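Hi everyone, thanks for coming.

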Amino acid sequence: MDALINAAARCLAAGDALGALQRVALREDPPALALRGIAMAQLGEHPRARDLLRRAAKGFGPKEAVARARCVVAEAEVALAMRDLGEPARALLQAAEVLEAHDDRANALLGRWIAARRLILLGRLDEARRALPIEEPARSPPLLAAMAGLTAAELALRSLRSGEAVAALDAAAIAARRSGVPALMAEADAMRALLDQPVARRIDAGTERPLRLAEVEALLQSPAFVVDACRRAIRGAGLAVDLARRPVLFSLARALAEAGPAGASRAALILRAFRTRHPDETHRARLRVELGRLRALLAPAARIEATPDGFALRAEAGRSVTVLVPPIEGESAALLALLADGNAWSTSALALALGASQRTVQRALADLEADGQVRALGLTRARRWLAPPMSGFATILLLPALPPSG
């Protein structure tokens, strides 16, 4: 490499994107295009950065596999920042393998961390845990050690492991300060603040109070019988029932738990489960069937007893019955939680993260835009969606993910 390329690379390593551009802004050779792309990414010009990195990758010849692989990794990082999650991870993992084969350990690790963070954003936590590189952060450069700590902390937060999250964030904050990159330091501070914000609400016999992440973790590990409206599951006393795909049963369980020991009337249960204010005999018959199914799922941790005008939920061995609900509720809560990270999301990425069709997401976004809760940037394929950050609580439990182990 020539002197200008070396000088620009040193500027980028120090976070001086403008200094790098001053040296290579007018050059069109592949190394200069790659450095310009990374500089534009550091300045937040992600579409332009992606275009430059693609041009650089195409410009490198067949004997420059390492340079081309580095461009693929950099482009994947830009796509992650753009919340464009539709690109398959195969090319990124292949690039990481090429870099490992040529002893470029730092960039290979970067590629694998990016792949893991992509899986976390999609809510595929078990896959992300398996994809994490096995590497001692203390042996890595500060930049990679900070990314490793932030990725591990994000995975721990989403998995409701507050102790692991605190340890990972402490390591990430130290590495971020050593790296001198302001964006990493800000991200570590912002993630640490999430631990002190309410992430859910707890309802006991009509009394409601907010819970922080550590308190939610303790509740799910306690003997209490918990109806978890954040993950649509029921946990406690050795029971772990996922009702995310059985909304009627979950609605009945939540209605019975919120009604407390007094129980809920048949009319109230029919309204919650079947959304009708004018029940007939068919609704009452269906209610008996659904309650029979729920009774079988909850045994032996709890039982459903008939009362003079309805039914009541009783936990075995005198355990308390608690309802865990998210800070905000509604069909668009998870969508708003994804957008609340301050990044611009594409419709396809939102659909991937939510496990829904793009048409469903588009309809929900149109409704939210009409209410002034989200706004769109760009047109057609370049359209991205933004929402103002939610203040006062963290959205960890609103984000899509598999239920935590009980």
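This is a predicted model: local features need pLDDT of at least 70, side-chain atom pairs count only at pLDDT 80 or more; totals for chains, interfaces and linings use all residues.

Let's start with arginine 83, which counts as buried because its relative accessibility is 12%; buried means under 20% relative accessible area, exposed is over 50%, and partly exposed is in between, with a 1.4 Å probe and protein chains only. Residues are numbered from 1 along each chain as its sequence is written, and side-chain values use heavy atoms, with hydrogens and water left out.

Back to arginine 83: where does it sit? It's in the loop between α5 (65-81) and α6 (90-101). Helices (H or I, at least four residues) and strands (E, at least two) are DSSP runs, numbered from the N terminus. Most residues other than glycine have a negative phi, and most peptide bonds are trans.

Leucine 160 also has a positive phi, near 60°. You'll find leucine 160 in the loop between α9 and α10 (162-179), and it's buried, at 6% relative accessible area.

And which peptide bond is cis? One joins alanine 299 and proline 300, with omega at about 5°. Proline 300 lies in the loop between α15 (281-298) and β7 (302-306).

Now for some helix packing. Helix α9 (residues 142-158) packs against helix α11 (residues 182-194) at an angle of about 20°, and their axes are 11 Å apart. That makes the two helices, α9 and α11, roughly parallel; angles under 35 degrees count as roughly parallel, over 145 as roughly antiparallel, 65 to 115 as roughly perpendicular, and the rest as oblique. Who makes the contact, meaning heavy atoms within 4.5 Å? On α9, the residues include Leu143, Ala146 and Leu150, and on α11 they include Leu184, Glu187 and Met191.

Last stop, the cysteines. How many disulfides does a search of the whole structure find? It finds 0, where a disulfide is a pair of cysteine sulfur atoms within 2.5 Å. Why? The sulfur of cysteine 11 is 19 Å from the closest cysteine sulfur, in cysteine 71, and that's too far for a bond. Cysteine 11 is buried at 13% relative accessible area, and cysteine 71 is buried too, at 3%.

Notes
Axes are lines fitted to C-alpha atoms, for helices over the stretch in contact, and angles run from 0 to 180 degrees between N-to-C directions. Contact means heavy atoms within 4.5 Å.
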